[in-house]
There are 2 protein chains.
Amino acid sequence: MSKKTIGVGDVPERYRGLGGRGLTSVMINTEVPPKCDPLGPENKLIIAPGLLSGTSLVNASRISIGAKRPLTGGIKESNAGGTVAAALGRLGITSIIVEGQAQEGDLSILRIDKEGGASLIPAREYKGMRTYQFVGKILDTYGKKSSVLCIGPAGEYRMPLASIQSSDVDGHPCRAAARGGLGAVMGAKGLKAVVVDQGGNNPDPIADPEAFNEAAKDLAKIIKEEFVNVTMMAPLGTAGLVAPVNSMGAFPSYNARKGMLDGWEKISREAMAELIKKRGGNTTHMGCTQCVVHCSNIFVDEQGNYVTGSLEYETIWSMGGMTGIVDLDTIAQLDFLCDDIGLDTMSTGVAIAVAMDAGYKKFGDGKAAIEMVEEAGKGTAFGRILGNGPAAIGKHFNNTRVPVVKKQSVAAYDPRAMLGQGVTFSTTPMGADHTAGNLVGLYLAQQLDPLKPEGQVEASRFLQTAMAAFDVTGLCFMASVALLTPEAGEVFMKVLNAKLGTQFGPDDFPGAMGIRVLKAEKEANRKAGFTKEDDRLPRFYYEEPLPPHNTVFSITDEEIDSTFDF
Amino acid sequence: MSKKTIGVGDVPERYRGLGGRGLTSVMINTEVPPKCDPLGPENKLIIAPGLLSGTSLVNASRISIGAKRPLTGGIKESNAGGTVAAALGRLGITSIIVEGQAQEGDLSILRIDKEGGASLIPAREYKGMRTYQFVGKILDTYGKKSSVLCIGPAGEYRMPLASIQSSDVDGHPCRAAARGGLGAVMGAKGLKAVVVDQGGNNPDPIADPEAFNEAAKDLAKIIKEEFVNVTMMAPLGTAGLVAPVNSMGAFPSYNARKGMLDGWEKISREAMAELIKKRGGNTTHMGCTQCVVHCSNIFVDEQGNYVTGSLEYETIWSMGGMTGIVDLDTIAQLDFLCDDIGLDTMSTGVAIAVAMDAGYKKFGDGKAAIEMVEEAGKGTAFGRILGNGPAAIGKHFNNTRVPVVKKQSVAAYDPRAMLGQGVTFSTTPMGADHTAGNLVGLYLAQQLDPLKPEGQVEASRFLQTAMAAFDVTGLCFMASVALLTPEAGEVFMKVLNAKLGTQFGPDDFPGAMGIRVLKAEKEANRKAGFTKEDDRLPRFYYEEPLPPHNTVFSITDEEIDSTFDF
C-alpha cells in the first residue's frame, strides 16, 4: 500500500499445506514484528480462504483474516462467512497479503477479476461511506456476481472494534470478520475494500478428483443431517441457543450481573421465528456459498422491508442480554447499524452494557444504545471511546466490571455457570472468543456438567485444537461441530486427503494441525509480551457469584495454565 | 483502602538500606503482580522519602512515588520536590504503602501528625476540587506547617496523565510527581491527599552524627558552588537551557518537526527573568526544604499576582516549543492549569502538540491549548482522550508522529540532535524520561559530541546508573549532577556512610546501588510483558531528518540493547 504495487507469487515452501487461520497465524508469527504498531506499516493484513474453499465441498466458504490486533497487540484471526472465500478459491488464490501503508487520507479498492487479474483502484469517493451503501455501489459497478470485503467508517477511523464486513449471497454486507479490530488494520492500510469476481474457474488442482467428489457428497449429507439432529439449531440457527443457555443460568445479562434475563422469551428463537414469519422475512436463509444448513435469517420490519441479515445468537445476547434490551426490533436495528458502520456487534454491545452498568444510561434503554452506536459511526469523541472497546469504556466510567480477556469481550456464555467456556475465553490466543473452542454443545447434550470443574480443561483443549484445525480448511462452525464424531471425521479425512494428496490420519488432523496453529499463535503472543497472567478472566468472575446458581469461576490458575500442555 | 485500616511496621530485612526510588522499585518488583490492573486493588502506591531526607543535609527533600503505571503497565517511579520528604524523614517514616481500593465514589485523606500518628479522614467534600483550592483549605485546617501530596480532578478521573502534586515551602502545589499517571493510581485507591505535619522530631538515627554533620556541611558548599559554576543554571534554574539547547538544534519544536523554535527568544530564561523582575516575581525562589540552590521561580502577572510557581524548562518546552506557543504568559497559565487539575505538564503539552500536528488546531494557538487542558479538567469525552496521553491523541487523530517511548512522552532534547538522550529515552525502564540519565550537561560542557554515535551508550549507562542511585537518597537532580566528579563523590560517600554506618566505596555507590535498582525495574517490566522491542524510539526519529542538522537517530538496535549489559 505504501507504493501501491501488486505482486503475485507462488506460496513459499514453508507455508505449503496451510490455508485459512493456519496460513494467517503462521505467517504473522513468522513475518510481523511482534511489537510493531498494529496500525502502522509493519503490520500485515492477511486474507486467506480455507484449504477447501472453492472446491465442490459444501459449507467451506469461511474467509480467514489475520493481523496483529489493534485491541491489544496480540495475534488475531477472525473469520467470516459469505461468498468471498469460495470466489478466491475458484481463482486459485491462497491468500492476499496487504503490506505497508498508504498516504494519510488515501483510499483504495483491491479489485480481482475473473481471470485473477488484480488492480488497485482509487476510492476516495467512498470515504466515510457506510457498508450497505458502499456494497450497493460496488455491485452496480462490478456486477452482482462480485464478492466484497469492506470496512465502514469505524475501520476508516481505525477503531479497535472495527470489523471487516463480508457480503452474503444476496450481496448484503451482513457477515463479519468482526473481532479484534481487523477493520482498523485495513483502514490504517488505506484499503476500503477487496472486490472479487465470483466467476473464476482456475482453482488449485485436486489430487484425486474422483475420491474427492465421492467423499464430499457423503460429507454434505452428514453435515445436513447432523445440523438438524445434533446441534439443535435448525431452524433459525444460532438463535436457538437463547432459551437453553438462559435456562441453564449462563446467559450473561445486565453486564454479567445475572445469568438469566428478565423477558428472555421476547428475544428467543421462538419469538424471532414468529415475528419473521408473520412479517414475511426468512428464517432459514442461505448466507454463504454452497451452504446446506441455511443457519442464517433475514429480519424484516412490520412492512416487510429488510432490516438486517444474519441476526445471530451472539448479537442477540450482546445487544439484548447484556444491555437488558428485550426488543427484537431494536436489537435488529443495532445489528444493522454495527454492520453498516463496520463494528463488532459483540464487543460494541458489551461496551454499551459496561456504560449502562456504570450508570451512564439505564439498562434496557434501546434508544440510548442506538445513540451510542451512532456516535461511534459519526466519530465523536465519545464515539471514539466506545469504539476503543469495553475496557476503554470501563476506564472512562471507572467501571472495573468489564468482561474481557486480552481486552476482547467474552461471548454469550457466563464462565461462572459454564466453567469450560471460561477456560476457552482465558486461554485462546485470540482474546475471549466463542468460536475458538465452544463447549456449549457438550453441555446441551449433557456430556459434561457445566458447573463442575472436572473435565473442563480437557474439553476446552480438545475443542480449541479441533477448531484451530477446522479453521484451516474453510469449513464453517456449524459443519465443523457436526464432524466431531469419529465416523464423520473419517469421511472428512477422505475429503482432505483427496484434495491434498496426503495420507493424514486422525493424529495429523485435527490433532497435529491444530497444535501447530495454536503453537504459532501462542508464540506470537509471547513475543508481543503476553504471559500466563494474561490468560485470566477479570477478577469479578472469581469474586462475584452469578445468580441463579450463585457460583463463581473455580478453575485454578494451574489448571488454566495446563490447557496448552502440548 | 479496601477496609480503611492503617498498619505500622518495621522495614522488613530485605528492604533495609533502601530509600526513595530504590525502595519503591524493589518493592514493586517484589510485591505487585506484574500483570495486574494498575488502577485495581492489587497495585500498590508506594511513597518513600530518600535515605537522607529529614537529616540536616541540604537538597535532600525529593519524595519518590512508585507503582505500576497506568500509562502502559510498566514500573514507575516519579519523584517530586517540595517539603513532604523532609517531613516524613523527620518522623522516621521510611515509606507509606497504599494498598487495596476504596469503594467507588469514596474519598479519603491520609493525615500524619507530628507524633507520627496516622488516620484516614473522610474527604468527599473535596471531590473534584482542584489542587490550589484544596491545599489552601488543608493548610487552613491543619496549619501552614503541613506538607501536602494530592491529586486534582485528573487523578480522580484516573487519567493516565494524572500527576501527584506536592506543596512547596510556600504551600503551593506547584511541584509534581508528574510522569506515568501515578495520580490515577492514587485516585483509583480513593486517596485524595497525604498531609504530613512538618513538626516531627523522631528521625531514624544517624550512625555517626559528628562525621555526618561535618561532611554534610562540606557537601552543602560543594553543591552551592557547583550549581553556579558547572550547571550554568543560576539564576532561574532549568529555564537556562532554552537558549543553548535551541542553538544546538535539539529543541523539539512543532511536535518535533524542527530542532529550533521560531521566536525561542520570547520564552528564554533571559525573557522570563526580565518579565518576572519587572513585575515583581521571584527568579531565585526556594521551593524545597533545606535547598541551597534556589532553582525555582514565581511567575506573576502584570499586576504582580501569583500565576504559577516552579515554571521549569521542560514545561516551557512542552507547552511552548512543541506547540509553537511563544508566549510566556500563556505557558505560565498552562503550567498553572496542569498543576491545578493535576496533570503532567510534559505529556499534556506533547499531547496538545500531536493534536495540533494532526491539524486539529494551529501551532501557536494558545487559546486552543488552554481550552484543551480545561476539557481535561472538566472530564469531557475529548478531555479524557487528551488525559489518556499523546499516544491516545495520536490514535484519535490518526497521527503516527507521536514522540513517546513506552507511551510516555520524550523530554526537551531531540534524540536526532542529541543522540545520547535517545539512548536514555529508549532504555530507561521509566518510559522516555529526562531525569533518568540526562546527557545535556556533557553536551553543554563539550565533553561529548551530541551528533556522533561514539560514546553515547556509555554516557547514558553511566548517568542512568548514577541517577538511579542518587534517586535512592532523596538528593535532587541539581545536587546530584553537582556530585558527579570524583572529589565531590568522595564527600558524598562520607555523608552516606556516616548516616548508614556503612563502608561504601565508589563501587558500591552509585555503581552497585544504581545497578540493583535498574535491574529490579527491568525485571518488573519484563514480567509485565516488555521486551527489547519496547526499548525503541518511534519510527519517525529514524526516518525523518531534523532541521537544522538534518540528521536522524543513528544508534543501532544492538548498541541500544547493550546499554544495560551488566
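The following conversation goes through selected features of a predicted model.

Trainee: Before we start, what are the ground rules for this model?
Mentor: This is a predicted model, in which local features need pLDDT of at least 70 and side-chain atom pairs count only at pLDDT 80 or more, while totals for chains, interfaces and linings use all residues. Residues are numbered from 1 along each chain as its sequence is written, chains are lettered from A and ligands numbered from 1 in the order in which they are written, and side-chain values use heavy atoms, with hydrogens and water left out.

Trainee: Let us take strand 5 of chain A. How many of its residues are buried?
Mentor: Five of its five residues, 108-112, are buried. Buried means under 20% relative accessible area, exposed over 50%, and partly exposed in between, with a 1.4 Å probe and protein chains only. Strands are DSSP runs of E with at least two residues, and helices are runs of H or I with at least four, both numbered from the N terminus.

Trainee: And which residues sit on each side of strand 5?
Mentor: A:S108, A:L110 and A:I112 are on one side of strand 5 of chain A, with A:I109 and A:R111 on the other, and both faces are covered.

Trainee: Which way does strand 6 run relative to strand 5, parallel or antiparallel?
Mentor: Strand 6 of chain A (residues 118-122) runs antiparallel to strand 5, and five bridges join the two. Two strands count as paired if DSSP finds at least two bridges between them. Within this pair, A:L110 stands opposite A:L120. The hairpin has five residues between the strands, and A:G116 there takes a positive phi near 90 degrees.

Trainee: What about strand 10 of chain A?
Mentor: Strand 10 (residues 191-197) runs parallel to strand 5 of chain A, again with five bridges. The partner of A:R111 in strand 10 is A:V195.

Trainee: Changing topic: how many salt bridges are there over all chains?
Mentor: The count comes to 67, where a salt bridge is a side-chain nitrogen of Lys or Arg within 4 Å of a carboxyl oxygen of Asp or Glu. In general, side chains of opposite charge can pair when their charged atoms come close.

Trainee: What does the bridge between A:K44 and A:E99 look like?
Mentor: The N to O distance between the side chains of A:K44 and A:E99 is 2.8 Å. A:K44 lies in the loop between helix 1 (20-31) and strand 1 (45-49), and A:E99 in the loop between strand 4 (96-98) and strand 5 of chain A, so the bridge ties together parts 55 residues apart in sequence. A:K44 is buried at 14% relative accessibility, whereas A:E99 is partly exposed at 39%.

Trainee: Where are the partners of the A:R179 and A:D344 salt bridge?
Mentor: That salt bridge, at 3.1 Å from N to O, links distant parts of the chain, 165 residues apart. A:R179 is in the loop between strand 9 (175-177) and helix 5 (182-189), and A:D344 is in the loop between helix 10 (328-341) and helix 11 (345-357) of chain A. A:R179 is buried with a relative accessible area of 5%, and A:D344 is buried with 2%.

Trainee: Now the backbone. Which peptide bond in chain A is cis?
Mentor: One is the bond from A:F509 to A:P510, with omega near 5 degrees. A:P510 lies in helix 20 (residues 507-527) of chain A. In chain B, the bond from B:F509 to B:P510 is cis as well, with omega near 5 degrees.

Trainee: What is the phi of B:A256?
Mentor: B:A256 has a positive phi of about 65 degrees, although it is not a glycine. B:A256 is in the loop between helix 7 (242-247) and helix 8 (269-279) of chain B, and is buried at 1% relative accessibility.

Trainee: And B:N398, buried or exposed?
Mentor: B:N398 is buried, with a relative accessible area of 19%. Its phi is also positive, near 50 degrees, and B:N398 is in the loop between helix 14 (390-396) and strand 14 (404-405) of chain B.
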